[in-house]
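Dear colleague,

The findings follow directly after it.

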Amino acid sequence: MKERKFSGLQIAAVYASVFLGAGFASGQELLRYFVGFGRMGVWGLILAGMLFSLTGWAVLSICRREGLETYSQFMQHILGKRLGTVMEWMVAIFMFSLFVAMLAGAGATARQGFNLPFTLGASLVGVVVYIILRFDLQGMVKVNVILAPFMIIGGIVIGVFTAVAQVAPAFATHARGMMAGWVISAVLYASYNLVTGVPVLTATAPLATKKRDPFLGGVLGGGAITILGLCMALPLFLHYSQVVDFEIPLLLIVLRHGAFFSVLYLGVLVSALVTTAACNGFAVVQWIHAHLHLSKQKAAALLCIVGVVAAHIGFSNIIIYVYPIFGLLGLFKIIVILFHGYARIKKE
């Protein structure tokens, strides 16, 4: 009874954790896609959050109504077998890229935060993720349910404190791009994030046993990431010119505020790395198991080993050059999902 009662919140925790990766928690994504637009970046964050909420709600509603339990079933349902299969392959490649980005973020954190070798940081997170993946869906859900509240509360505390502790005016020194640039940036950000968010949502769809669960999972998950994003963007607005060239900009800011906030932030950052790597790694392992007929344990081991090697491409390079490539793919996906989702929700 207890698991059913809170299944919507469990889905929300996992859904929010998908977006709380190294790019988000480090401040890199917030800096590149929102903060550079000044005041309008705030509206961009709100727009992205709305897309997260509506798409999450739609995906879970479709899965619940049609009895879909895997990403393959979902994609073939909304796109047909041929196009759905092509989309699966492309998404699998992108989710592997995100998994690699999380390991690269771990390496960058070890180097910038602890003066440790890049490879050591990436390898440690790779081992932790491998252990989580050995427990399949239950392992992923439990880790996210435990760490997501800590990341959200910790991130809000850090963002608000480091902003309030400053006297410099926000939004005063930077604003770039055309007027509609913040809209394009927000949609692009939501699009590439949802490329990976949707497979994870379909994996958690069996938890949506009640009619309200799709709403709770999608809207609360999207709302949580929006509030956290606004709070963590505040110090970046204040310190934009000083942190724009750093791989972990928020770490540079937090280190100025004493040991407590530095340790809290590193905890949030490492948790974000682990949960997002686990979510993406889980989806990739499921795909490898289904298409290449490799056991899940062997697939997880292979994924983590290759991921550590590929992480040396560089954290910021992956965010700047790889993520946007998949933005258009995600945008197409959002449009199709919202169209189908609206039709399903209207029938209920």
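**Aromatic pairs and their surroundings**

Trp89 is partly exposed, at 44% relative accessibility; the term partly exposed covers the range between buried, under 20% relative accessible area, and exposed, over 50%, with a 1.4 Å probe and protein chains only. This is a predicted model, in which local features need pLDDT of at least 70 and side-chain atom pairs count only at pLDDT 80 or more, while totals for chains, interfaces and linings use all residues. Residues are numbered from 1 along each chain as its sequence is written, and side-chain values use heavy atoms, with hydrogens and water left out.

The count of aromatic pairs comes to ten. Rings of Phe, Tyr and Trp (its six-membered ring) pair if their centres lie within 6.5 Å; planes under 30 degrees apart count as stacked, over 60 as edge-to-face and the rest as tilted. One of the pairs joins Trp89 and Trp287, whose ring centres are 4.8 Å apart with planes at 85 degrees, so the pair is edge-to-face. Because Trp89 belongs to helix H7 and Trp287 to helix H14 (residues 259-292), this pair ties together parts that are 198 residues apart in sequence. Helices are DSSP runs of H or I with at least four residues, numbered from the N terminus. Trp287 is buried, at 14% relative accessibility.

Phe161 and Phe261 form a stacked pair, with 4.0 Å from centre to centre and 10 degrees between the planes. This pair links distant parts of the chain, as Phe161 is in helix H9 (residues 136-164) and Phe261 in helix H14, 100 residues apart. Phe161 is partly exposed, with a relative accessible area of 34%, whereas Phe261 is buried at 12%. Ring pairs also link Tyr33, Phe34, Phe52, Phe94, Tyr189 and Tyr192 into a cluster.

**Nonpolar surface patch**

Leu83, Val86, Met90 and Phe332 make a nonpolar surface patch of about 320 Å². Patches are made of residues with over 30% relative accessible area and no salt bridge, and nonpolar side chains (Val, Leu, Ile, Met, Phe, Trp, Tyr) are joined within 5 Å. Accessible areas come from the Shrake-Rupley method with a 1.4 Å probe. Helix H7 (residues 81-114) gives the most to the patch, with three residues. Phe332 lies in helix H17 (residues 327-347) and is partly exposed, with a relative accessible area of 37%.

**A buried glutamate**

Glu29 is situated in helix H4 (residues 28-33). Glu29 is buried yet has no salt bridge, and the nearest side chain of opposite charge, Arg32, is 10 Å away. A salt bridge here is a side-chain nitrogen of Lys or Arg within 4 Å of a carboxyl oxygen of Asp or Glu. The side chain of Glu29 does reach the backbone nitrogen of Phe24, at 3.1 Å.

**Separations in sequence and in space**

Gln10, in helix H2 (residues 7-19), is buried with a relative accessible area of 19%. Gln10 and Thr204 are 194 residues apart in sequence, and their C-alpha atoms are 8.8 Å apart in space. Val91, in helix H7, is buried at 1% relative accessibility. Phe74, in helix H6 (residues 71-79), is buried with a relative accessible area of 0%. Phe74 and Leu255 are 181 residues apart in sequence and 44 Å apart in space, C-alpha to C-alpha.

Yours sincerely

Definitions and conventions
Helix = DSSP H or I, 4+ residues; strand = E, 2+ residues; numbered from the N terminus. Lys, Arg positive; Asp, Glu negative; His and termini not counted. Polar contact = N/O pair within 3.5 Å; in protein donor to acceptor, adjacent residues only side chain to side chain. Patch = residues over 30% accessible without salt bridge, like charges linked within 9 Å, V, L, I, M, F, W, Y side chains within 5 Å.
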